[in-house]
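Here is a set of exercises to work through with the model open beside you. Try each task yourself before reading its solution.

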Number of protein chains: 4
Amino acid sequence: MTTGQFLSDNAAAVHPKVWEAMRAADVADAPYDGDALSQALDERFSDLFERDCAALWVATGTAANCLALATLCQPHGGVVCHREAHIEMDEAGAPGFYLHGAKLMLADGEGAKIDPQAIRAAIDPIRDDVHQVQPHAISITQASEYGRCYRPAEIAAIAELARERGLGLHMDGARFGNAVAFLGCAPGEAAGPVDALSFGCVKNGAMSAEAIVFFDPAAADLARYRRKRAGHLQSKGRFLAAQILAMLEEDLWLDNARAANAAAQEIASSCGERLMHPVEANELFVRCTPEERDALRAQGFGFYDWGANAARFVTAWNSDPDAASALAGAIAAL
Amino acid sequence: MTTGQFLSDNAAAVHPKVWEAMRAADVADAPYDGDALSQALDERFSDLFERDCAALWVATGTAANCLALATLCQPHGGVVCHREAHIEMDEAGAPGFYLHGAKLMLADGEGAKIDPQAIRAAIDPIRDDVHQVQPHAISITQASEYGRCYRPAEIAAIAELARERGLGLHMDGARFGNAVAFLGCAPGEAAGPVDALSFGCVKNGAMSAEAIVFFDPAAADLARYRRKRAGHLQSKGRFLAAQILAMLEEDLWLDNARAANAAAQEIASSCGERLMHPVEANELFVRCTPEERDALRAQGFGFYDWGANAARFVTAWNSDPDAASALAGAIAAL
Amino acid sequence: MTTGQFLSDNAAAVHPKVWEAMRAADVADAPYDGDALSQALDERFSDLFERDCAALWVATGTAANCLALATLCQPHGGVVCHREAHIEMDEAGAPGFYLHGAKLMLADGEGAKIDPQAIRAAIDPIRDDVHQVQPHAISITQASEYGRCYRPAEIAAIAELARERGLGLHMDGARFGNAVAFLGCAPGEAAGPVDALSFGCVKNGAMSAEAIVFFDPAAADLARYRRKRAGHLQSKGRFLAAQILAMLEEDLWLDNARAANAAAQEIASSCGERLMHPVEANELFVRCTPEERDALRAQGFGFYDWGANAARFVTAWNSDPDAASALAGAIAAL
Amino acid sequence: MTTGQFLSDNAAAVHPKVWEAMRAADVADAPYDGDALSQALDERFSDLFERDCAALWVATGTAANCLALATLCQPHGGVVCHREAHIEMDEAGAPGFYLHGAKLMLADGEGAKIDPQAIRAAIDPIRDDVHQVQPHAISITQASEYGRCYRPAEIAAIAELARERGLGLHMDGARFGNAVAFLGCAPGEAAGPVDALSFGCVKNGAMSAEAIVFFDPAAADLARYRRKRAGHLQSKGRFLAAQILAMLEEDLWLDNARAANAAAQEIASSCGERLMHPVEANELFVRCTPEERDALRAQGFGFYDWGANAARFVTAWNSDPDAASALAGAIAAL
């Protein structure tokens, strides 16, 4: 593995401040989430989002997404999401497990984003009878699987539809920091009026902690039982809380996301027409031939193929700016 | 929290060598379990148990137990366990979740241990028809919830019954190290011919990693899918592998367990008739009145009440020998 | 099979009036439960119970019990029932399936009945934390698995406890008619303030229809989705509705139950000290040696062994009074 | 409701011979499936399909499909089916319930039929890793949701692919009789080498009985437990067995299907270009404007709208030939 690694942000190094916070947490305290750090999460997130919320740590984004959705969708219901959403494509059927057989209802949309029209197209044909699974919730991803960000007005429009139809609204924020860094708005605006948010840390400098932020305390209470039942209540939970608190401290989460976004912009600057999607967060989808990919790899750059004629590059909080510049140059030189 | 803390081993500090190994793992490597450390687990455990096995990391004992059991029991079956087994009493119904509604079948036994007679008493009355849930597996705990250890011959007898009846056999080894330290036998003898073992590390000096050891490779393959589906496949899995490898390195797991057991023996030495169960691992169940408990707490000792007239003390790898002696003295002085 | 058959009421003949009603239903009508007969159930049961209710047909008591319970208990909760309740002993784990892994919490009690004290003994030891499954509902059986009937005051006391603890209350009324016939009270009094009642018909003269009576319309709406999802929404549902309506017509259900109870009393009259339980419905549990059982079988009487030294006799709506007298005589002559 | 009813075959009258058989079954016999009629099913279906099979009755096609699929697909797997398959569109998420969260994988194809190419298009993009749900089985519908029949060679090709990929193969035969009547081949040829077949009776003259035919006895044994667990094991099962046996007796099932198909052909004869799909079974999808639909309804014909500009007509075993002719005339006159 080299400095030219742009495979993913999901296995990047752990930020020194996260390490520090974890070491500092290695003192005797109550087990599970009874420790002082875990107990501090609600207030810390309420400050961040400027409204009351309750926050639970879990180890993975899949667990965060599914525990959140399980509070919004009953086993006989459905969750509307984009056809390429992580919960549909990359979680091994975890929503079916956590939601006890509920169905994902796939909507289309540019850049892996959905809008009210796409949601209606997915659910309006559903007959309102017991023979068809009825929608119970909507899940959107901020930033999306193609690195696109929902603007506050776009979220508001989806939330309005959700309210009209009596649907819960969840946001998969595995890269929420990258979205806020791009949008330049308050975190509360980037989340909008969702019911629950998976607030990602692992891709942004943490080791093994994500937060589920519930804006409805009753949902959080429910999720606490389900978290334990899913084997996700760690007895040394203080080390997860410590990671999350370290991310929030002095906006480390935003600084990290900004660094990743900046590296992505540096690379994007040389991609021109090759870009399949505007670069708004830390992912780039770049048209290039197999031969061009070979050429880049020969120069030490790591990335995933994206279909037959494209490549996916992901930057991380610790992407080396020189490596990003080098990649930009290499792409320009193709 | 004071040095007199004997509440539990589940939130104890992390061993320095585990920290070291985690720090050393903070290098770029493949995500999930594709990294070099995760890939080393199978061989390392095969060496330890002197037979081929496949090992997966997960974050909690509940996840380890349930993912293991899910390979041994179908949704319509049952798992025989002691009435006070952790899977029955303290996992929030996780077996019901992971096994899709399978049933725990409760057996009795001194010291939270079961034997073939108790197992037969639980399953022989089950009519062999489709109206009653049929047993598919047995789960035993080494050391048991009361700190008792199964002798190799006892496990062999249970395994023999399991074979006769076509049942899978799982061992919850949340405190397996304490059992091996007590028994003084090879790890493979302390595990016996089980199909899957939850090899505990968190209570023994690790932070957030347990191993599931499968002695049947097909079961491990199945568990890999189920682990991801349960949201337990961490992208920076190298940090879990690092913890487990550190525990195995130069028998740290055994040294830690021996230290905890020694502290327990020190306390036990003064308990005499007060002991409800022989002390074989790192837990003591001690008869004492509420007034006596108050007196101990007034001296700074932490522990859980165990019913109306007893207390549970648990030692850990880092229990202060002086504190153990002090507690022994305080109990003697009651 | 002979007229001396007292094996069970569950496979007895279908009452002529039920046949008539089914034949009369063989006219074109809407599918599923859109037909006139299905639509008439709510009103008919509201009349019977003298309060608003919504009633759904299903084919079996197991489906009725489980669909009812699924409206009262979440997947992470528990249902308190007697240790020998049908849902625990004879439904193949169906509650675990329908309730997505929820747990049955077993209580003790004479005659397979439970009372507030027994329920408290089962649930009071449960710690109010996320590590233990919390009770969500209670299920009682009227008449019980040993043919004992809950008096209205007994149900009220259980309902009061349920209210205090925020638990739902379900009644398995597979032999509800036998209970009402014995109690001589209004059906509403024999049901008490339960949330949902499985109103049995199959054991009482119907062929393949049970009613689930919901006293909360929202629960009925939920159950409609779950019924379809469980494959229990028959397209020719009018034939199930017809059976139930026929049972209710001119109190056929009560007449049938009275006939079964009378036959049971006839047999009971000769059993004296042999009776293990007072006979209140249509089941008799009679102490007798294996030799005595052989002797009875040699005379053509059919029944199940009940352990080593007892027999279970069940009468049905169509039990031949002469056969009942003959059995009574045979028992007296043992 | 008039003789002009072409809404569906799912609520049609019960055939007189089915009634006769049910009445004849009203004799004392063993409960559940221990009676002589239920016990006769295996042999009867083995004769029909000219190979060993085991057959279970259930009340609905949804239960039949899902119990069959549950033997072929694990909870973490997927079932490939057509995008408009009944299991996807009209079973309220029952596969998610019975298969414990498994996923339906949607394939495209003319006339709601799929072929190896379509199946490959659905599953080839699935990465062979634990992050994506892996296919475990394929389900096809004979005749399809658009009344199209799979030719034996088409089934053989799908079965070959299934074998190559290690996938189970299920056939939803809700209208299997109509397919056999159309194909004019042996039942075994119309089923092909599937692992399990839902053999429909309800739409073809029965009241409440479908058969699940397993060509692998181990799967049948598994399904027996799951049937009970799903509340589908009726205690008076002899009445379901009687219906199925009556359907098989002297090929009533084929005669009924032929009658329905003939009525469909009569109507089709006047539809010409209006037909959206060739008519091979007993369903017609006919292009017509809302005004034309109004005109037909004004003449007393019943049917469902099919989108904005079409109508679905379904004939049944008891469709009145005169009504079919009248409808044909009315369509011709539009």
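## Exercise 1: A helix pair in chain A

In this predicted model, helix α3 (residues 41–49) of chain A packs against helix α12 (residues 238–248) of chain A at an angle of about 25°, and their axes are 11 Å apart.

**Task.** Work out how α3(A) and α12(A) are oriented, what the hand of the crossing is, and which residues meet.

**Solution.** 

Step 1. Start with the angle. Angles under 35 degrees count as roughly parallel, so α3(A) is roughly parallel to α12(A).

Step 2. Now look at the hand: α3(A) passes α12(A) in a left-handed crossing.

Step 3. List the residues that meet. From α3(A) come Leu41(A), Arg44(A) and Leu48(A), and α12(A) answers with Ala241(A), Ile244(A), Leu245(A) and Leu248(A).

Step 4. Sort them by class. The contact of α3(A) with α12(A) has six nonpolar residues, no polar ones and one charged residue.

## Exercise 2: The helix pair in chain D

**Task.** Turn to helix α3 (residues 41–49) and helix α12 (residues 238–248) of chain D, and describe their packing in the manner of the previous exercise.

**Solution.** 

Step 1. Read off the geometry: the two axes come within 11 Å and cross at roughly 25°.

Step 2. This makes α3(D) roughly parallel to α12(D).

Step 3. The crossing of α3(D) past α12(D) is left-handed.

Step 4. On the α3(D) side the contact is made by Leu41(D), Arg44(D) and Leu48(D), and on the α12(D) side by Ala241(D), Ile244(D), Leu245(D) and Leu248(D).

Step 5. By class, the contact of α3(D) with α12(D) comprises six nonpolar, no polar and one charged residues.

## Exercise 3: Two sheets

**Task.** Give the strand order of the seven-strand sheet in chain A and of the three-strand sheet in chain B, and name the edge strands of each.

**Solution.** 

Step 1. Take chain A to begin. Its seven strands form an open sheet in the order β1-β7-β6-β5-β4-β2-β3, with mixed pairing.

Step 2. Find the edges. β1 (54–58) and β3 (103–107) of chain A each pair on one side only, and these are the edge strands.

Step 3. Zoom in on one pair. Strand β4 (residues 134–141) and strand β5 (residues 168–173) of chain A run parallel and are joined by five bridges. Here Ala137(A) has Gly168(A) in β5(A) as its bridge partner.

Step 4. Move to chain B. Three strands make an open sheet in the order β8-β10-β9, with antiparallel pairing. Its edge strands are β8 (283–287) and β9 (304–305) of chain B, each of which pairs on one side only.

Step 5. Check the pairing of β9(B). Two bridges join β9(B) to the antiparallel strand β10 (residues 310–314) of chain B, and Asp305(B) stands opposite Ala311(B) in β10(B).

## Exercise 4: How chain B meets chains A and C

**Task.** For the contacts of chain B with chain A and with chain C, count the residues involved, and then relate the copies.

**Solution.** 

Step 1. Count for chain A: 34 residues from chain A and 34 residues from chain B take part.

Step 2. Locate them. On the side of chain A that touches chain B, the elements giving two or more residues are α4 (61–69), α6 (94–98) and α11 (217–229) of chain A. By class, that side has 18 nonpolar, eleven polar and five charged residues.

Step 3. Compare the surfaces. Because 100% of the interface residues of chain A are also interface residues in chain B, the copies meet through the same surface.

Step 4. Count for chain C: 15 residues of chain C are in contact with 15 residues of chain B. The chain C side has six nonpolar, seven polar and two charged residues.

Step 5. Superpose again. Chain C can be laid on chain B with an RMSD of 0.0 Å by a turn of 180° and a 0.0 Å shift along the axis. The two copies are thus related as by a two-fold rotation axis. In chain C, the C-alpha nearest the axis is that of Gly101(C), at 1.9 Å.

Methods
Residues numbered from 1 in each chain as written. Chains lettered and ligands numbered in written order. Predicted model: local features only at pLDDT ≥ 70, side-chain atom pairs only at ≥ 80, totals over all residues. Contact = placed C-beta atoms within 7 Å. Helix = DSSP H or I, 4+ residues; strand = E, 2+ residues; numbered from the N terminus. Nonpolar A, V, L, I, M, F, W, Y, C, P; charged D, E, K, R; others polar. Least-squares fit on C-alpha atoms with pLDDT ≥ 70 in both. Axes fitted to C-alpha atoms, helices over the stretch in contact; angles between N-to-C directions. Parallel < 35°, antiparallel > 145°, perpendicular 65-115°, else oblique. Left-handed = near helix turned anticlockwise from the far one by under 90°. Pairing = 2+ DSSP bridges.
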